Amino acid sequence: MGRIEERFTALKKEGRKTFVAYLTAGDPDLETTARLIPALEAAGVDIIEIGVPFSDPTADGPVIQAASQRALKRGATLAKILAMTASLRRTSGIPIVLFGYYNPILSYGPEKFAGEAAASGVDGILVVDLPPEEADELRCYTDPAGLAFITLIAPTTDPVRARKILRRATGFVYYISVTGVTGTAAPRADDVRSDVERLKRMTALPVAVGFGISTPGQAAAIAPLSDGIVVGSALVRLIGEKGTSDDLVPAATSFAGEIRRAIDAACPSQGKK
Amino acid sequence: MIRTQPDRRGHFGIFGGRYAAETLMPALLELETAYRAARRDASFKKEFSFYLHEYAGRETPLYEARRLTETLGGAKIYLKREDMNHTGSHKINNTLGQVLLARRMGKKKVIAETGAGQHGVATATAAALFGMECRIFMGEEDIRRQAHNVFRMKILGAEVTPVDAGTATLKDAMNEAMRDWVSSVRDTFYVIGTTAGPHPYPVMVRDFQSVIGREARRQILKKEGRLPDLLIACVGGGSNALGLFYPFLADPAVAMTGVEAAGKGLDTALHAASITAGRVGVLHGNKTYLLQDEHGQVRDAYAIAAGLDYPGVGPEHAWLHATGRARYVSVTDEEAVEAFVALSRQEGITPALESAHAVAWAMKTAPAMAKDKIAIINLSGRGDKDAETIAESREEKE
């Protein structure tokens, strides 16, 4: 079992939900990203999704688009992000998912990427524009390297297709809670509840919900319905606002702490052994 | 062998495919099913053909350009007059097809991206014809360059949404249209304007545009009693070129040349020659040749012709290039502008700046061909929209 599954399992035993946080690597710069991740972990983040910036992020809303542009301008590349991950891994056991689009990986070389990502301590990858139909060209390298291939299920995915996708899913299932791009609309708890219940009947993997959760209140509403939640754009917006100011790390950790407390408070069995 | 492409999932060799976010996958599969059914349905074919003839004004002439032929002194040159279609370019062939399909699928709204504005106008036109809501995404830079077409779209009742991301051109407009579609996919049909995008778009757009080549084939056989030796068409995404090429693919004696925009020159960063100067990559749902940096970040394309200003190219062109079936070359802004003026003065036909790239290549290559050879240039659109750009480029020179 990899770090991702272990983390979900350990939290579940404690009756707690998993808090996944996304940030765009290299925004405002890679040194800051490297400082932010351990701080976020200390503030209660369980899994970190490291966004690999891409010039044309068609599944992302304006917040992550802008962060990607800033990161690219500051020179973030896949190679540098892997180097940052490797150095992070020397001091932290936090599960790491690389989140991005296929072209930077294709350009890097899928085989080289798989080997180096695994060696750098990456636990899983999520490639937004690589649906199961096209995924084999990357998975033939990343599966043997032991990298979890996190798959997305959308509100538009019908049950037949969901079952097909889930047969080959590893790590956890990422349920996109809104029909839209990242960070633009809030999920509706009733829809998420029924959709996640349906998914849970199809898979033994943990299900995390993301794409529209931006406030502690939303985190509290959605967390009890799933195994975990993902917060991305809200954190990225905060990082964008603070930029290189000294205030950045305290502000980001304080926000992460609020989300953590909201999740824990909303899940009644929390803390019981 | 070439005609058996693509495979079931839209791959032309290693190119094409369906590299799309999961939210869109069900819509793409639904579209594929609907398109397959429509393609087999005689009533759909009849309806499409009705609108192409009675509304768009087909068939378009295959015109022998006598003075141009004489001046160049080589191959006999024919112009396939797609500029004579309603709305002024070949784009209407595709938008009529897609909007008819959208209607058949019960969609009430259509969205589209546009570069030069020709596809935007053609989509807005088809949407008006069938009383559908229409929103067009267009880069701010293109809005500036093509103010006339923006006005036309608005007159036709379309909402034009400016896109200021990136270089604010076609690529960015397509990004934004895809984002909008992710959010509106349940009731909205995305009318892609070129033979790119995720499967089934490249195939569908090719099929709707191949009326160009089918007519040209029939017309040249009637006029000359034989097939042409060379087809020439400009390539941005590649829809007019593929429309002309496709019905000739199985005729080995017919050579075909796609002309990309070399912009300010291939040795500069300012061009749009993705086949000539790009690398294999994935953008907008398909694998193809892309202008990109060494880290896989997509570079901004540049061309004087807004409709060629795209860093990728349709996957079937990538495949035709890789297999050697078609040849891809490029001409510069300057050569295109010269051709724009030359054709206007010699034939009284002002080509779109996009199409002027094809004319420019013909002016280079025809003189070296024997007089008994026949070349067909796809004159994909009319040049009225480009008057201002030409005026600006002349001022720059003076």
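Which residues of chain B are linked in a network of salt bridges? The network is made up of B:E141, B:D142, B:R144, B:R145, B:D309 and B:E392. The structure described here is a predicted model. Over all chains, a search of the whole structure finds 51 salt bridges.

**Salt bridges in chain A**

- A:E14 and A:R16 form a salt bridge, in which the closest N and O atoms are 3.5 Å apart.
- A:E14 has 27% relative accessibility, so this residue counts as partly exposed.
- A:D143 is partly exposed at 31% relative accessibility, whereas A:R139 is buried at 6%.
- The cut-off explains the two labels for this pair: a residue is called buried when its relative accessible area is under 20%, and partly exposed when the value lies between that limit and 50%.

**A salt bridge in chain B**

- The side chains of B:D386 and B:K385 meet in a salt bridge, with a distance of 2.9 Å from N to O.
- Both B:D386 and B:K385 are buried.

**A patch of positive charge**

- On the surface, A:R163, A:K164, A:R167, B:R8 and B:R9 gather in a patch of positive charge.
- The patch draws on residues of chain A and of chain B.
- One of its members, A:K164, belongs to helix α8 of chain A, which covers residues 159-167.

**Helix α4 of chain B**

- Helix α4 of chain B runs over residues 91-104 and has 14 residues.
- From its first C-alpha to its last, the helix reaches 20 Å, close to the 20 Å expected at 1.5 Å a residue.
- Because 12 of the 14 residues of α4(B) are buried, the helix is largely enclosed by the rest of the structure.
- The buried residues include B:K91, B:I92, B:N93 and B:N94, as well as B:L100, B:L101 and B:A102.
- Also buried are B:T95, B:L96, B:G97, B:Q98 and B:V99.
- Just after this helix, B:G106 takes a positive phi of about 80°.

**Positive phi angles in residues other than glycine**

- B:T87 has a positive phi of about 75°, although this residue is not a glycine.
- B:T87 is placed in the loop between β4 (76-81) and α4 of chain B.
- With a relative accessible area of 9%, B:T87 is buried.
- B:H284, likewise a residue other than glycine, has a positive phi near 50°.
- The loop that holds B:H284 lies between β11 (279-283) and β12 (285-290) of chain B.
- B:H284 is buried, its relative accessible area being 4%.

**Cis peptide bonds in chain B**

- B:R58 and B:E59 are joined by a cis peptide bond, for which omega is about 5°.
- B:E59 lies in the loop between α2 (42-55) and β3 (62-64) of chain B.
- A cis peptide bond also leads from B:H199 to B:P200, with omega near 15°.
- B:P200 is found in the loop between β8 (188-190) and α9 (201-209) of chain B.

Notes: Residues are numbered from 1 along each chain as its sequence is written. Chains are lettered from A and ligands numbered from 1 in the order in which they are written. This is a predicted model: local features need pLDDT of at least 70, side-chain atom pairs count only at pLDDT 80 or more; totals for chains, interfaces and linings use all residues. Side-chain values use heavy atoms; hydrogens and water are left out. Patches are made of residues with over 30% relative accessible area and no salt bridge: like charges are joined within 9 Å, nonpolar side chains (Val, Leu, Ile, Met, Phe, Trp, Tyr) within 5 Å. Accessible areas come from the Shrake-Rupley method with a 1.4 Å probe; for residues, only the protein chains shown count as cover. A salt bridge is a side-chain nitrogen of Lys or Arg within 4 Å of a carboxyl oxygen of Asp or Glu. Lys and Arg count as positive and Asp and Glu as negative; His and the chain ends are not counted. The place of a charge is taken as NZ of Lys, CZ of Arg, CG of Asp or CD of Glu. Helices (H or I, at least four residues) and strands (E, at least two) are DSSP runs, numbered from the N terminus. The expected span of a helix is 1.5 Å times one less than its number of residues. Buried means under 20% relative accessible area, exposed over 50%, partly exposed in between (1.4 Å probe, protein chains only).
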